[in-house]
Amino acid sequence: MESILSFCFAVLIAPLLPAVIQKVKAYFAGKQGPPLLINYYTMIKLFKKGSVYSTSTSFVFKLGPVVGFTTSIMMLLFFPMAEIAPLFSFHGDVLMLFYLMGLGRFFTIIAALDTASPFEGMGAAREAFFSTLAEMTVFGILIIFFKLTGSLSFQEFFSGDHVISLMGEYGALLLLVVAGLYVVMLTENSRVPVDDPATHLELTMIHEVMILDHSGPDLALIELGAYFKLLFYSGFLARLIDPFHSANVWINSLLFYSVVAFIYITIGVVESITARYKMDLVPKFILTPFIFVFFVTILTMGVMQ
Amino acid sequence: MDTLFVSIAVIFAGGVVGLLLYRQFTLMKLVAIATSSVGCGIGFIFTLSKLFGQASGLDVSYNWLHLFTLAFKIDSVSLFFLIPIFLIPPLALLYSFHYLENKEKQARAGVNYFFFSMLICAMALVVISANMITFLLAWELMSLSSFFLVMYDYEVKSNRKAGYVYFIFAQGGAMMLFAAFALIYSYNGSFAFESIAAIPDSAKLLVFVLAFLGFGSKAGIFPLHIWLPKAHPAAPSHVSAIMSGVMIKMGIYGIFRIYLLLDSPSPMIGQIVLITGMITGILGVVYALAKQDIKELLAYSSVENIGIILIGLGIGMVGVSQQIQAMAFFGFAGAFMHVFNHSIFKSLLFMGAGSVLHQTKTKNIEELGGLMKRMPVTGRTFLAGSVAISGLPPFSGFIGEFLIYYGAFNGLTATKLPYILAILAIISLAVIGGLATACFTKVVGLAFLGEPRTEKAANAKESGFTMGAVMSIMAVACLVIGVLPQPFISLAFQGVADIPVLAGFNTDAFMVIIRQISCTAGLFIAIFIVVSIFRKMLYSGKEIGSGGTWGCGFTQPTVRMQYTGTSYAAEMVDFFRPFVPFKDIYSGIKKIFPGTTTWDTKTFDIADKNYQERLIGPMMTLMAKLRWIQHGNIQLYIGYIIVAIIVLLLFL
């Protein structure tokens, strides 16, 4: 029951949190910013609309948003938000889930290529490349977590005798992992300095340019999927750095989501004080945390639970 | 055992029929396909019943020419490799019914069926051979029959060249095998496989390396892979399907068999295989990404998958030498599973490429586009195959990779070098997976989606019925294996059952995980269906418009503005620059009013380039100096022979 509620809450709150980023950015720019519920309004507006489809596209174009949305939902179904057991979990689920994200990416990319637009092709190529680089870091992190807990599932990472936490044993090792995961989060969710969703030129976008031709409910599904994905990554980070623990589920959830909100605020700060990197610097930026993570995997050689 | 020989005889009879009846084109095709397929069916049933049943009395030997013994023996490993041998060819044969429809080439089609059935028989014989003589006979039969299959369109010069390159690599590889076997024979004077383990440990590593090079040239390990991207585009597509899907796995079988027979204690063997696997896998997919010819790209992707399989085998071997049973078991089982899966989806993809080639007369991605609408069956099945080969759930490719990952993660308990190797294996698999996604989104996205780039693509029609049917069967199989993997995984588990070091390993705990994977795949599909229905509801009764693609303000788009395969891959290929040299040919802008300018980018295979520059170039200059020996005088040739015989008899 708790699990179902936790899942529903995550789904409901996912669109709210990105508005926090916008608020922070607005604050830095000295503006008032959109209301916190802006994303809900946008979703409702988009769901009410119809769509215009390019004559170049085929059924694949319509498949893209659905597959992408489904894979994001799967992440939330398997991730233990706020120390509450997820709805589903099994030994090895992390491998399957990261590969399912790959499936979502596969269909997003071919949906973009389906439009025959040169800009969308460009975005697709970058998405394919950068996420491959990010994947190296992700699997490095999984190796470390396996060494620390002996398990391959989100639920097992954060429960049982050897909980992965910055405050727990081997917390020092996790400092670099947290930094690595933060960069992966920025990459996978198309945030500054890897990608700038608010840029004015299609040529310089990555993710945003891939969905130029989607409209109406299709676009809403894509946006919702993106919110879920960002919530999953920041939830993952929050479980690592969350210093609070309380026996009460409610207090615990509240504390957890405050940490999540804090991560969103840091994203907003990063976006406000840095500009997007030049395209040829981006691969170097994404590869840097891999070095951190690889270093930590060597350090964990002697550790085995 | 007799059943198996009956099935081989029936398959061969099918080929002979093809040769005899070639004047009645359609009848010949029907009879040849039916007969060979029945033979494969018999063999397939035999294999499955033995794999799950009692494996006794599977050991026979015959005396041949009063000199040699031909010995055959079947264990679980041979049985497992027999599955793709009997499963894929009937489908490829069925596909060929509509693929080979040029009546003017009816005699050639007959010859094609003959060598095709011979190839099936030879592969079956390779995996059941139990001594060196039998093995090498079957091996050479396999190489030769596949050589003739590659030479189908021999009047095209580039095809002849491709055939010769394949021939050189096949025979060069065989030479390595002869060397390995001769070395064994020099120690114990016996041709029997059982006696191989008796040679001294010091010699085992050398024997393994020789055999690894020999088998590796067939499997396509880096840098012995260069025949694949040449031979596959040259061969007819049903032949490419069978060569890439099944025949190159005989190289894997050989590597695994010699490893089992040597039973060497040296940890070096596993490390060699694992490192080769990682290099082969990553470079294979990078080269695949750089290619614009679909069949060439698929050939490089086969190199990549051989890399994945070798990573699995390497993980298994390292697990054996580290005495981590779980690592060994899942490494080997994962490699086996991937052999099985790859045989299906790679055949499917080659058949899809063949269907495109058949209809558009081009296999260059830059000249295709928009085929999903014009060839719906080929497009959809190719999409399924692409998802499967990228290793993405809920399709079959994921299952094999999951097993290998699982083995590698279990290997993280090791320390020092094996630990580093396990880490690198996991990272390599992740990189290969990501790049494979990039590679196959490129093929699907540029060849099948968007707008047609040329007239040829714009006028394409769907291929004949049997081709579509076969591809659909295989596409469904990819999905079924991904969603319901239990029976297929137990196939792989049965395959490794006879390996002594794995005896007594309990897989019950793992089967629970597999059931969970199956449930998760089901859950994914269920959510997908619910979301699709939800989306349909949102759109019901709404206005759906259609218009041109948003050109970012540009109002006169042409199909030539679409992203090209070269530019799609450019950034990723550039990342691996030292391994992928490339050359830009740019005519430049010269006058005030520039005329036509051209830009061409060529990528090179580093292995190919080095062979050309370092090996073939110097060799040609040397050989040119010795040309006087070849003068064409028959009397002097006889003289050479006599001198050679005298030297051999008197001095050696």
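Predicted model: local features only at pLDDT ≥ 70, side-chain atom pairs only at ≥ 80, totals over all residues.
**Exercise 1.** Which span should helix α5 (residues 132-150) of chain B have at 1.5 Å a residue, and how far apart are its end C-alpha atoms?

Solution. Helix α5(B) has 19 residues. The expected span is 1.5 Å times one less than the number of residues, so α5(B) should span 27 Å. Its end C-alpha atoms are 27 Å apart, which agrees.

**Exercise 2.** State which elements the buried residues of α5(B) pack against.

Solution. Begin with the buried residues of α5(B), among them Phe135(B), Trp139(B), Met142(B) and Leu149(B). The buried residues of α5(B) pack against one set of elements in chain B: β2 (68-73), α4 (106-128), α6 (157-188), α8 (228-234) and α9 (237-262).

**Exercise 3.** Classify the packing of helix α4 (residues 59-78) and helix α5 (residues 93-113) of chain A.

Solution. The angle between α4(A) and α5(A) is about 160°, and their axes are 8 Å apart. Angles over 145 degrees count as roughly antiparallel, and α4(A) and α5(A) are therefore roughly antiparallel to each other. The crossing of α4(A) past α5(A) is left-handed. Residues of α4(A) including Phe61(A), Val67(A) and Met75(A) belong to the contact, as do residues of α5(A) including Leu97(A), Leu100(A) and Phe107(A). By class, the contact of α4(A) with α5(A) has 14 nonpolar, six polar and one charged residue.

**Exercise 4.** Describe the side of chain B that touches chain A.

Solution. Chain B contributes 65 residues to the contact and chain A contributes 62 residues. Elements of chain B that each supply at least two residues include α15 (397-410), α20 (508-539) and β3 (544-547). Helix α16(B) gives the most, with 15 residues. This side of chain B has 39 nonpolar, 20 polar and six charged residues.

Notes: Residues numbered from 1 in each chain as written. Chains lettered and ligands numbered in written order. Helix = DSSP H or I, 4+ residues; strand = E, 2+ residues; numbered from the N terminus. Buried ≥ 20, exposed ≤ 12 C-beta atoms within 10 Å, placed from the backbone. Contact = placed C-beta atoms within 7 Å. Axes fitted to C-alpha atoms, helices over the stretch in contact; angles between N-to-C directions. Parallel < 35°, antiparallel > 145°, perpendicular 65-115°, else oblique. Left-handed = near helix turned anticlockwise from the far one by under 90°. Nonpolar A, V, L, I, M, F, W, Y, C, P; charged D, E, K, R; others polar.
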